[in-house]
Amino acid sequence: MMRTKLLVTSAFITIGALVGFSLRREATRLAIEDTSIWQSYDRYQEQGIQHLMVKHTEIQPLINKHLASGLLRSGLQGTSVQGRSINHLVAGKGKTKVLLWSQMHGDESTATMALFDIFNFLSAADENDSFRRLLMEKLELHFVPMINPDGAELWKRRNAMDIDINRDARALTTPEGRFLMKVADEIKPRFGFNLHDQNALHSVGSSSKPATISFLAPAYNHARDMNETRENAAKMIILMNRTLQKYLPDQVAKYNDAHEPRGFGDTFQKKGISTILIESGGYLNDPQKQYIRKLNFYVLLSALHAIAKEAYEQEDVERYYSIPENGRFLFNVVIRNAEIVKDSLRYRTSVGINHYTSLDATRKRLNYRGAIDELADMHDNYGYHDVDAASLLSVPGKVIAMKKDEWEKLSLKSEAALLRQGYLYIRFSDQRSPTGPVPNRLLNLINGSPLSLSIALYQNANFVLAARDGKPAYAVVNGFLIDLNKEKISSLPNTYGY
Ligand SMILES: [Zn+2]
């Protein structure tokens, strides 16, 4: 009797185990590469966020949408120095807790955009259901998007107390830092994702490739030792790097791992939270970082999937050390062998130009100012835009006079035609022209005479590179390189009024 019952029970267990096994197999076999998540990204992209300069007031209705739908639950409530809410949002009901926080530095918003895309992905219903179900069943996801809303408002790194929150993990002087620490201490996550942006001029090692994404498993001590906590973060990075290579070949690097005891990543690692720093850098022709946003979305989902499957465990931690380190060899523009005319001197050297940004009055866009940062042998440097001017002459930009209303009616095509004739400046003949950034134009405005007629160190970058017969080949306007032989010339984010 006993024996029969035992047999029957074990038969049921066997069948159950077989069914369970095959279901589980289906879910675990499905790596992110086997899904349509990358191809279907447009379906998940949050349309309420279209630009880098996302503000606290823009994310609140989106959060409310996901709270109302039941995807997200409200966790702890935080408040910034200036009284803006800091949201701790929870999704999923699994055992493994993961904490992701973004925009601790107010001017680093790429991952904030991606987190809202992830919310849309998690709340969708489509062919990727088994992937998202696995995340929601295995993980408890804790999100704190935009930890520094006061900094985001002014597009600045620090909070309203002018303290860098990522140097406040030990002193906890800022309410934003205290809040993040409280969330971490309360939920005790297994993994943490510390989501930042880095300067777009970081390169992958000494190569010409920008470090579009840089990772770090922060060190928990000055000796930069490895323990299990840090090792798991490093293993996750190996896996994420592999995922990214398909869409970002040779543009992934590793951030410097010098121990920073005031940093949140280092402090959380010390607490036993396997913490991964992700830095979003630059990518050619992606000033609004919308492609990098997609990369963030995708690689974060791949990481969450790997945690849900514990797939990181099989990685060989030694491979972490073979990811190249961040270098700093990039400029926005490099012009090689340019002709320099300085007083009675005439010589050729390479010119490095960088773009400096500032927030415009609407606080919704950035203004650029291009400056000549380097005159040197730049054999070991690279530009996002990089030309050899060895066969070209440097020519000062010409000034054309016109009435203000003529300028107002001037089409982009007419501006391009003037540029091709070597004009870089317009002077109003009937009144003074405005100074400062001039959006969506090709030519600068000028009242006096150009400050610098030629290429000069630390000066504004406005000049023409012409062929020996005098025909302009390239124009540099406010630091932007324009190929004048191209049929279509687009307007610049902004030129300048001098
Ligand atoms: Zn940062």
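## Helix 10

Helix 10 is mostly covered, with 18 of its 20 residues buried; buried means under 20% relative accessible area, exposed over 50%, and partly exposed in between (1.4 Å probe, protein chains only). Helices (H or I, at least four residues) and strands (E, at least two) are DSSP runs, numbered from the N terminus. Helix 10 comprises residues 290-309, and its end C-alpha atoms lie 29 Å apart, which agrees with the 28 Å that its 20 residues should span at 1.5 Å a residue. The expected span of a helix is 1.5 Å times one less than its number of residues. Just after helix 10, Glu310 adopts a positive phi of about 55°.

## Basis of the model

This is a predicted model, in which local features need pLDDT of at least 70 and side-chain atom pairs count only at pLDDT 80 or more, while totals for chains, interfaces and linings use all residues. Residues are numbered from 1 along each chain as its sequence is written, and side-chain values use heavy atoms, with hydrogens and water left out.

Glu108, in the loop between strand 3 (96-102) and helix 4 (110-123), and His196, in strand 5 (residues 191-197), link distant parts of the chain, 88 residues apart. Glu108 is buried at 7% relative accessibility, and His196 is buried at 2%.

## Salt bridges

The structure holds 25 salt bridges, a salt bridge being a side-chain nitrogen of Lys or Arg within 4 Å of a carboxyl oxygen of Asp or Glu. Among them, the side chains of Arg224 and Asp257 meet at 2.8 Å, N to O. This pair links distant parts of the chain, 33 residues apart: Arg224 is in the loop between strand 7 (213-216) and helix 8 (228-245), and Asp257 in the loop between strand 8 (252-254) and helix 9 (264-271). Arg224 is partly exposed, with a relative accessible area of 40%, whereas Asp257 is buried at 14%.

Asp386 and Arg336 also form a salt bridge (2.8 Å, N to O). Asp386 belongs to strand 14 (residues 382-388) and Arg336 to strand 11 (residues 330-342), 50 residues apart. Asp386 is partly exposed at 33% relative accessibility, while Arg336 is buried at 17%. In a further salt bridge, the closest N and O atoms of Glu415 and Arg441 are 3.6 Å apart. Glu415 lies in helix 12 (residues 412-420) and Arg441 in the loop between strand 18 (436-439) and strand 19 (444-445), so the pair ties together parts 26 residues apart in sequence. Both Glu415 and Arg441 are buried. Elsewhere, a network of salt bridges links Arg43, Asp126, Glu127, Asp129 and Arg132.

## The annotated residue

The UniProt annotation "active site", from an unreviewed entry, covers Glu260. UniProt positions are given in the numbering used here, feature names are shortened, and annotations may be inferred rather than shown by experiment. Glu260 is placed in the loop between strand 8 and helix 9. Leaving aside its neighbours within four places in sequence, Glu260 is in contact (heavy atoms within 4.5 Å) with Arg167 and Asp266.
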